Amino acid sequence: MNLLLTSAASSVAQLLASALGDTHKLRLTDLRAKAIGEIIANDLDHGGDIDDLLEGIDAIINIGYQGQVGSEKALIDYHTRAMYNLLWSASESGVKRVINVSTLRLFENYEENLAVTEKWRSTPSSQDIELLAAHLTECVCKEFARDRMIQAVNLRFGWPFDSSDKADTARISTDLAVGAVNAALESQELIHWQDIHVQSKVENQRYLTNTAARLLPTLAEKL
């Protein structure tokens with residue numbers, strides 16, 4: 001598939017790019033202040049350059065959490081206005097699916113002994129601008145999906161990545177994260193808006209991953 005990967009200079013995007021590049025054709029993009037090398041500079045402002053960025057793209061992988069840094073105003077602007085511009089152009093350009101990479105930290109305020117699923121309400125703290133921004137990106141994606149302008153898969157990943165600390169009950173391996181993105185790109189079982197929680201199978205696992213096992217069967221043995 002021809003994939004557009006946003007916030008491509010971020011560590012999560014680089015992790016995904018190094019793994020997905022073997023099986024997909026990637027187009028990397030980030031804000032002009034961060035774009036280096038093969039990363040295409042685009043501030044996702046209103047205008048035709050987003051259409052050019054999306055030409056020939058089958059699906060978008062959007063880094064909805066910790067893809068950007070900056071002031072509170074800059075982060076809120078990127079995760080709302082810029083996301084709206086990107087998804088509007090995507091729907092007009094015929095892009096069929098967007099994979100939004102979000103975080104299970106949106107539920108970290110719930111007690112660890114609760115069986116949290118995709119049906120629970122996220123509770124981002126207004127004091128944590130990165131979590132609030134991730135929540136806002138989910139809201140923008142959901143509105144486009146509910147209007148059936150584009151299909152959106154919202155992958156909420158555990159944390160941290162590749163931790164060996166047995167106390168990390170919400171951790172996720174990098175292999176599982178990459179596998180989840182690949183499976184979400186290929187799945188034919190998804191509705192227009194689909195939340196999917198993904199974390200590694202560990203002792204005292206904090207979040208349930210039954211939806212991922214059902215809709216992304218290639219991951220079932222790892223969940």
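The accessible surface of the chain comes to about 10600 Å², and carbon and sulfur atoms hold 48% of that area. Such areas are computed by the Shrake-Rupley method with a 1.4 Å probe, and for residues only the protein chains shown count as cover. The model is predicted, so local features need pLDDT of at least 70 and side-chain atom pairs count only at pLDDT 80 or more, while totals for chains, interfaces and linings use all residues. Residues are numbered from 1 along each chain as its sequence is written, and side-chain values use heavy atoms, with hydrogens and water left out.

The chain has six helices and seven strands, which are DSSP runs (helices H or I, at least four residues; strands E, at least two) numbered from the N terminus. Their order from the N terminus is β-α-β-β-α-β-α-β-α-β-α-β-α. The radius of gyration is 16 Å, close to the 17 Å that the globule rule gives for 223 residues, so the chain is as compact as a globular protein of that length. That radius is taken over C-alpha atoms, and the rule is 2.2 Å times the number of residues to the power 0.38. Along its principal axes the C-alpha trace spans about 50 × 35 × 35 Å.

Of the 223 residues, 52% count as buried; buried means under 20% relative accessible area, exposed over 50%, and partly exposed in between (1.4 Å probe, protein chains only). Contacts are heavy atoms within 4.5 Å. Among the contacts with a separation of 6 or more, 70% join residues 24 or more positions apart.

A nonpolar core is a set of buried Ala, Val, Leu, Ile, Met, Phe, Trp, Tyr and Cys residues joined through side-chain atoms within 4.5 Å. The largest one has 36 residues, and L16, I61, L155, F157, V181, I196 and V198 have the most contacts inside it. Elements that each supply at least two of its residues include β1 (2–5), α1 (11–20) and β7 (193–198). The helix α5 gives the most, with eight residues. A second, separate core of 22 residues includes Y78, A82, L87 and A152.

The helix α5 has 13 residues and reaches 19 Å from its first C-alpha to its last, close to the 18 Å expected at 1.5 Å a residue; the expected span is 1.5 Å times one less than the number of residues. Eleven of the 13 residues of α5 are buried, so the helix is largely enclosed by the rest of the structure. Its cover includes β1, α1, β4, β5, β6 and β7.

The structure holds six aromatic pairs. Rings of Phe, Tyr and Trp (its six-membered ring) pair if their centres lie within 6.5 Å; planes under 30 degrees apart count as stacked, over 60 as edge-to-face and the rest as tilted. F107 and Y110 form a stacked pair, with 6.4 Å between centres and 25° between the planes. F107 is buried, with a relative accessible area of 0%. Y84, W88 and F144 form one aromatic cluster.

Some backbone details sit in the loops. The peptide bond from W159 to P160 is cis, with omega near -10°, and P160 lies between β6 and α5. S7, in the loop between β1 and α1, has a positive phi near 45° and counts as buried at 1% relative accessibility. N204, in the loop between β7 and α6, has a positive phi of about 60° but counts as exposed at 61%.
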